[in-house]
Amino acid sequence: MTAVENDADVIVVGAGPGGSATAYHLARHGVRVLLLEKTEFPREKVCGDGLTPRAVRQLVRMGVDTSPEAGWLHNKGLRVIGGGVRLELDWPDLASFPNYGLVRTRLDFDDLLAQRAVAAGAKLRTSVNVVGPVLGADDRVIGVQAEVGPEKEPATFHAPLVVAADGVSGRFPLALGLAKREDRPIGVAVRRYYRSPAKHDDNYLESWLELRSKDSGDNLLPGYGWIFGLGDGRVNVGLGVLNSSSAFGKTNYRRLLTDWLANTPEDWGMTDEANAEGPILGAALPMGFNRVPHYTRGVLLVGDSGGMVNPFNGEGIAYAMESGELAAEVMVQALARPAGPERERALAAYPTELKARFGGYYRLGGIFVKLIGRPEVMRMATKHGMPHPTLMRFVLKLLANLTDPRGGDAMDRVINAMTKAAPAV
């Protein structure tokens, strides 16, 4: 058999936050990385555009300037609205995470991260649509097949390791037979931009636990909502519905969004269609490791491709970037070993460490999703929980996964004990 000349040490499929973080951390260690993106930058992506301190930490680790002067809108915490109560909860002061969140549209956020990877030494190629794996001996993946440019010219790229960071569609892992697990939580979210002088420079992310339309009376609409100011005269407004809700898959989510917004104050600007910018767009939220294994036959799954969205709050960017950094650390060690059993032993550390970090927490998240999918539970939780700020501060730490792993306060210790005690998914 003729030896294959590799185009890179690692091919990363998809230049979203997970793919770019993977490429950045690999390149920083001197690994030859080929980062393949099917679109051209800048490009739109359906997202809430809000970043918790967990995501901010990953940006800092990539050397990103997160100052307001660099175009970021900072926020102090989360404003929670529900049960007739409006509560402002500041992000906790921790040793492990910064105490501020950020908002920035995905239109230039993804581009910025991809350029950080390029600056570190990764080679970025856009308009390269990866359509499947190249298989070698023992059905091991040794590269990717792709269509390049508008003419869709066929091309093949080789590398001993491939990272699937191709988002919720997961076309690359699907080509390997890795289907989504139906027993794990999944959500659907829709969002739209509105011009809103009254809300655009809000210094809190706003989360609505109860949604009502003008004519719903005491009946709640399904799902939860958000309003995130962008600082440029606009807001990102959206809602999400989980598959534990009876309305999942049976609801016109776009109509649901406009029904809820019709009940918001007129001066916010979201009741007037003339203030809308662009259509209502939707996307799936793959949660709680809903595609496994995260390593198989030379391929590592990162971010949404591996179902890493947090079931508690729908956050995906932080976990995409964290899993990308972890995958890079594992691959750096693996590539320093000869191909074969020694390298495979090193690569097996990736799913093991993912499970150790997030498995118990995601198990708790799965229970949480089942509970809040029942309107009577959600109503009782907001009615009795919201009036208690100390309890809600605990809930914020749990939902945003913000604790110090060692030391910390009593809340940290309780949450850390809960996640350790829960059997990993």
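At 1% relative accessibility, F109 counts as buried, the term denoting under 20% relative accessible area, with exposed over 50% and partly exposed in between (1.4 Å probe, protein chains only). The model is predicted, so that local features need pLDDT of at least 70 and side-chain atom pairs count only at pLDDT 80 or more, while totals for chains, interfaces and linings use all residues. Residues are numbered from 1 along each chain as its sequence is written, and side-chain values use heavy atoms, with hydrogens and water left out.

A search of the whole structure finds 11 aromatic pairs. Rings of Phe, Tyr and Trp (its six-membered ring) pair if their centres lie within 6.5 Å; planes under 30 degrees apart count as stacked, over 60 as edge-to-face and the rest as tilted. One of the pairs joins W72 and F109 edge-to-face, at 5.9 Å centre to centre and 90° between the planes. W72 lies in the loop between α2 (53-61) and β4 (73-75) and F109 in helix α3 (residues 106-120), 37 residues apart. W72 is likewise buried, with a relative accessible area of 3%.

The pair of F312 and F368 is tilted, because the ring centres are 5.0 Å apart and the planes stand at 40°. Since F312 belongs to the loop between β19 (299-301) and α6 (317-335) and F368 to helix α8 (residues 349-372), this pair ties together parts 56 residues apart in sequence. Ring pairs also link F312 and F368 into a cluster with F289, Y319, F358, Y361 and Y362.

Definitions and conventions:
Helix = DSSP H or I, 4+ residues; strand = E, 2+ residues; numbered from the N terminus.
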